[in-house]
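Subject: Structure handover

Hi,

Here is the structure I promised to pass on to you. Have a look at it first, and then read on for what turned up.

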Amino acid sequence: MSRFVRLGETDRPSVALHVDGAPIQALEGDTLMVALLSAGDRLRQSEFGPEKRAGFCLMGACQDCWVWTESGDRLRACSTLVAPGQRILTSQPEASWPSHV
Amino acid sequence: MAEPRIIIVGAGPSGTRAAQACVAAGIRPIVIDEGRRDGGQIYRRQPDNFTRPYAKLYGTEAGRAQALHETFDALKGAIDYRPETLVWNIAAGQVWTASGTAQEAIPFDALLLCTGATDRLMPVKGWNYAGTYSLGGSQVALKSQAVSIGHKVVFMGSGPLLYLVASQYVEAGADVAAVLDTAPFSARLKALPDLLAMPSVLWNGVALTQTLKRAGVTVQHGVTPVEIIGDVESGVGGVRFRTASGREDTIACDAVAMGHHLRPETQLADLARCAFAFDPLTRQWLPERDGDGRASVAGVYLAGDGAKILGARSAEASGRLAALAALADLGLPVDKGETASLRGDVANYAKFARGLAQAFPWPAQQAAALPDDAILCRCEGVTAGNLRAVMRETGAKEANRAKAFSRVGMGRCQGRYCGLAAAELIAAEADMPVEQVGRLRGQAPVKPLTISIGDE
């Protein structure tokens, strides 16, 4: 079920992107946050508690809405617009570090 | 002599009017703004391909919003505009910026901080559940993206924004379950003499309440929030609260917009080494400034809600006033009559803002009453009980020391949303005035930066 409800401006071209490997449809001009929460009810798992998170301030101040690209770039979902073909991850892709062992 | 370099941080109402004054004086200021478009939060612009008219987006303030946007559009060729750019530090007479992976340090002759505000939050048990949003955030969702934050929304907190956003949601067709105001209705009557400083704005506020009543929305005054009920998987399921008469009640919803008016974003003023003073009415530490906006540090000027919450109309006046002060200090001619008239405007807005602070008081006692198992810091899941235990174990009573031991204020938001409530909790626990707890020091970077190692 979606968390956000569209109340207007729905006459926009659709944009296809992938979230955690699954395809979703958004609208041109959507932020990633609106795209993800119009298609589902969460953005990420809290790293300090059992609950899911879905952002908080929507103005780039709280940093609760971080998502990642597959290459590991961190994005603020509330202030990044959707783009066709984006492949978004809701958990941080694992970094690999050189090991001395 | 080379043209003096003026840097303006922020492209909202105060930054726009400051830039306009600089350009009129023949100077090309650098205007740095974190937003993708100008307008700030209050007059935030929707994406280019959205079609809602001004009247629908900004209501009674449509004319002001349009005038401000048109002013900024006309200035674009005459200013060095840097959107989507974060000022993350001010040090050694330079402004440090980051945009994407590019960074720069820019020296300045005059710096105008027009940094705006964020929501002031009073934590309530369960505010960490998905579906809880800041009040300002709920307005951004509607204004800049045409969405509601949920299928059934409760607005809880206090302040003029509570009624404004709730009525905007109703008019846009959202399902508003209730408006729950922590301020008792009697507070408004006491504030009336100051609120009459701006009768038309007062009347707009009354009209908002009428909109809600006509739509059949439950509006309650003097409530005490108890808990946001929810589930770790599905998020918000309702709110539990005590009515003014002390009865406990529950309202079902899947989203809560919460906030208690606003707080200024003062981190950059702090990093610029400006002196701060405690404001007993709002119980906030604010950067000191003279009547025209000069900070305690030479060459630094403060305007708009980033200095003190006086509202968008005041921000336009104080932005222009601060720019005129900067221009005068740089030896440029300034119309003294205009300066005097702007001072009068700002004084009137300040009187009205004092009325609002009295009508919608910050419920400091709610921080003291937070149960031990309530999350205080939602970034890192630190509970009120964690902070109390840290105080008992370490004796920490000063804001920064308590932060170091408890991590309250050290997470992703850097204390923006928990800091004021944490100070109230510490004050109550230690039985001392909140001003003695002090304030969280601004830290660079003021927001997280990307560490990027490239091939170049």
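Let's start with a sheet in chain B. Three strands make an open sheet there, in the order β14-β15-β16, with antiparallel pairing. β14 (224-231) and β16 (248-252) of chain B are the edge strands; each has a single partner, so one side of each has no neighbour in the sheet. Ignoring direction, neighbouring strands of this sheet are turned by 25° against each other on average. Keep in mind as you look around that this is a predicted model.

Going strand by strand, β14(B) is joined to β15(B), residues 235-242, by seven bridges, and the two run antiparallel. If you want a place to look, find B:P225, which sits opposite B:F241 in β15(B). On to the next pair: β15(B) and β16(B) are antiparallel too, over five bridges. Here B:V239 has B:I251 in β16(B) as its bridge partner. These two strands form a hairpin with five residues between them, and in the turn B:G246 has a positive phi of about 95°.

Does the length of α3(B) (residues 62-75) fit what you'd expect, or what should its 14 residues span? At 1.5 Å a residue the answer is 20 Å, and the end C-alpha atoms are 20 Å apart, so the two agree. Its buried residues are B:A65, B:L68, B:F72 and B:L75. Looking down the axis of α3(B), these fall within an arc of 100°, so they line one face of the helix. The face turned away from the buried side of α3(B) carries the exposed residues B:G63, B:E70, B:D73 and B:A74. Among the elements that cover the buried residues of α3(B) are α1 (13-24) and α2 (54-58) of chain B.

α1(B) is another story to look at. The buried ones include B:R17 and B:Q20, along with B:A18, B:A19 and B:A21. They pack against β1 (6-9), β2 (30-32), α3, β7 (110-113) and α9 (312-329) of chain B. Just after α1(B) comes B:G26, with a positive phi of about 90°.

Over to chain A. It has one helix and eight strands, and along the sequence they follow the pattern β-β-β-α-β-β-β-β-β. Its C-alpha atoms fill a box of roughly 55 × 30 × 25 Å along the principal axes. Of its 101 residues, 40% are buried.

Last, where the chains meet. How many residues does each chain bring to the contact? Chain A gives 34 residues and chain B gives 42 residues. On the chain A side, β1 (5-6), α1 (32-39) and β5 (52-53) each supply at least two residues. By class, that side has 13 nonpolar, eight polar and 13 charged residues. One spot to check is A:V5, whose bridge partner in β10(B) is B:S148.

Cheers

Methods. Residues are numbered from 1 along each chain as its sequence is written. Chains are lettered from A and ligands numbered from 1 in the order in which they are written. This is a predicted model: local features need pLDDT of at least 70, side-chain atom pairs count only at pLDDT 80 or more; totals for chains, interfaces and linings use all residues. Two residues are in contact if their C-beta atoms, placed from the backbone, lie within 7 Å. Helices (H or I, at least four residues) and strands (E, at least two) are DSSP runs, numbered from the N terminus. Ala, Val, Leu, Ile, Met, Phe, Trp, Tyr, Cys and Pro count as nonpolar, Asp, Glu, Lys and Arg as charged, and the others, Gly among them, as polar. Two strands pair if DSSP finds at least two bridges between them. Axes are lines fitted to C-alpha atoms, for helices over the stretch in contact, and angles run from 0 to 180 degrees between N-to-C directions. The expected span of a helix is 1.5 Å times one less than its number of residues. A residue is buried if 20 or more other C-beta atoms lie within 10 Å of its own, exposed if 12 or fewer, and partly exposed in between; C-beta atoms are placed from the backbone. The arc is that of the directions from the helix axis to the C-beta atoms.
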